[in-house]
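The sequence and coordinates are displayed first, and the account of the pairs comes after them.

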Amino acid sequence: MINSEPIITKCEIGPFPKPMPEGMFDTMPSVFVTLSNGESLNLFEYYPDELSFKETEFIGLTVAEAKRLRTLKDIKYIQS
């Protein structure tokens, strides 16, 4: 069966122009993606002192796969 879900074609981690917070109350980084169907969305925010992502990790994934990537990194962080 061929996967008909749109895939991520572009990813940016922000807020922009500075992606990482400098203080405790700054906005947390978010993963913004554009899908192969043209839709753009904010996948999630994360705590950069716990997790890190590269924009290239998301290219070619579906939204579900990208969220699973975050879950796996969360689990790895909690178990460390």
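The model is predicted.

| Salt bridge | N to O distance |
|---|---|
| Lys10 and Glu12 | 3.7 Å |
| Glu57 and Lys73 | 2.9 Å |
| Asp74 and Arg70 | 3.9 Å |

Glu57 and Lys73 have their closest N and O atoms 2.9 Å apart. Because Glu57 is placed in the loop between β3 (40–45) and α1 (63–79) while Lys73 belongs to helix α1, this pair ties together parts that are 16 residues apart in sequence. Glu57 counts as partly exposed, at 27% relative accessibility, and Lys73 also falls in the partly exposed class, at 23%.

Helix α1 also contains Asp74 and Arg70, which are 4 residues apart and thus separated by about one helical turn. Their side chains meet in a salt bridge at 3.9 Å, N to O; a pair qualifies when the nitrogen is within 4 Å of the carboxyl oxygen. Asp74 is partly exposed, with a relative accessible area of 22%, and Arg70 is likewise partly exposed, at 23% relative accessibility.

The remaining salt bridge joins the side chains of Lys10 and Glu12, at 3.7 Å from N to O. Lys10 has a relative accessibility of 45% and therefore counts as partly exposed. For Glu12 the value is 33%, so this residue is also assigned to the partly exposed class.

Methods. Residues are numbered from 1 along each chain as its sequence is written. This is a predicted model: local features need pLDDT of at least 70, side-chain atom pairs count only at pLDDT 80 or more; totals for chains, interfaces and linings use all residues. Side-chain values use heavy atoms; hydrogens and water are left out. Buried means under 20% relative accessible area, exposed over 50%, partly exposed in between (1.4 Å probe, protein chains only). Helices (H or I, at least four residues) and strands (E, at least two) are DSSP runs, numbered from the N terminus.
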